[in-house]
Amino acid sequence: MRAQSSATEPSKIAVSDPSGAPGTAEASAPARASVGTLQAALGVTAFSLTFPATAWGLEGFGPWSLVAVRSVLAALIAGGCLLAVGAALPDRRHWAGLAVVAGGVVLGFPLLTTLALQTSTTAHAAVVVGLLPLTTALLSALRMGTRPSRTFWIAALAGAAAVVAFTVQQSGGALTSADAYLFAALLVCAAGYTEGGRLARVMPGWQVIGWALVLCVPLAVPAAAVALAYEPVHLTAHSVTGLLWVAAGSQFLGLVVWYRGMAVIGIPKASQLQLAQPLLTLVWSVLLLGEHLTVAAPLTAAAVLVCIAVTQRARG
């Protein structure tokens, strides 16, 4: 999960040929586009595995331990990469925005979805969180002061209505605590993505998440120590694999290839690829976890996909 894209506005990337030879840039443009598409697709695949990997991690770790340890591991990876490239510290004026990214993407979303997955299936969570692109777009409109079209708002409300109807129907007519966690996760993650999209205009996108992870270290390390002391740990192949994936794959490396691909093919095209994420998660929930899908799950995910596609077209 989308993770999930933290950028919300169309971008224009100018690519120059380093050799200076005329015509070379134009000739290699299709190849660059293919590589960029592959990178973005790899990012979406990494995000789609987040919930199944979290479910595996919960087989051996408590929810607080899993979130804290994954943050520490991801921060170590990100910090090493930042040191390796000699990345300069962000300007002081950007640290407040990075704190929002850290609170929403690094801490809030992983913790809330992990708590939800204690009692919710990954398929159910995937459908609800499939609303994230719409939530992000709505918060972005408020944050950036843009005015989406009427078509955009109609599609966004239709997608939200589909998810709420699905949630109520699956929960027997009333929202559960897991649903409350998931809807809260939508809000905090959308806020983090919106702020991350703004920061990605002034620094490389992967450094946005990298510095946000590093910013969480003073909180994540003691939290991991306390959680591991109070929550029992049972190391299994599933739990270790799940932990490593959500730390390295979902929290950092997936975002690296996602941002690199997005820089090449542009945000609108990359966003179209991300439409497949909820459906991919449904597939993984069956293959990796043996979950049995109700008919409503793929139908609702497809309906949300259509609504998101309409909003993308309306905004583009």
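Serine 120 counts as buried because its relative accessibility is 13%, where buried means under 20% relative accessible area, exposed over 50% and partly exposed in between, with a 1.4 Å probe and protein chains only. Please keep in mind that this is a predicted model, in which local features need pLDDT of at least 70, side-chain atom pairs count only at pLDDT 80 or more, and totals for chains, interfaces and linings use all residues. Residues are numbered from 1 along each chain as its sequence is written, and side-chain values use heavy atoms, leaving out hydrogens and water.

- Serine 120 sits in the loop between α4 (95-116) and α5; helices here are DSSP runs of H or I with at least four residues, numbered from the N terminus.
- Setting aside neighbours within four places in sequence, serine 120 is in contact (heavy atoms within 4.5 Å) with Ala125, Ala178 and Leu182.
- Leucine 117 belongs to the loop between α4 and α5 as well, and at 9% relative accessibility leucine 117 is buried.
- With neighbours within four places in sequence again left out, the contacts of leucine 117 are Phe51, Thr54, Leu58, Thr122 and Ala125.
- Leucine 117 and leucine 182 are 65 residues apart along the chain, and their C-alpha atoms are separated by 9.1 Å.

**Helix α5 and its packing on α7**

- Helix α5 is mostly covered, with eight of its eight residues buried; among them are Thr122, His124 and Val129.
- Helix α5 (residues 122-129) packs with helix α7 (residues 150-170) at an angle of about 155 degrees, and their axes are 9 Å apart. Axes are lines fitted to C-alpha atoms, for helices over the stretch in contact, and angles run from 0 to 180 degrees between N-to-C directions.
- That angle makes α5 roughly antiparallel to α7, a label for angles over 145 degrees.
- The contact is made by His124, Val127 and Val128 of α5 together with Val163, Phe166, Thr167 and Gln170 of α7.
- By class, this contact of α5 with α7 has four nonpolar, three polar and no charged residues. Nonpolar covers Ala, Val, Leu, Ile, Met, Phe, Trp, Tyr, Cys and Pro, charged covers Asp, Glu, Lys and Arg, and the others, Gly among them, are polar.

**Cysteines**

- The structure holds zero disulfides, a disulfide being a pair of cysteine sulfur atoms within 2.5 Å.
- Cysteine 81 is partly exposed, with a relative accessible area of 30%, whereas cysteine 216 is buried, with 4%.

How values were computed
Helices (H or I, at least four residues) and strands (E, at least two) are DSSP runs, numbered from the N terminus. Angles under 35 degrees count as roughly parallel, over 145 as roughly antiparallel, 65 to 115 as roughly perpendicular and the rest as oblique.
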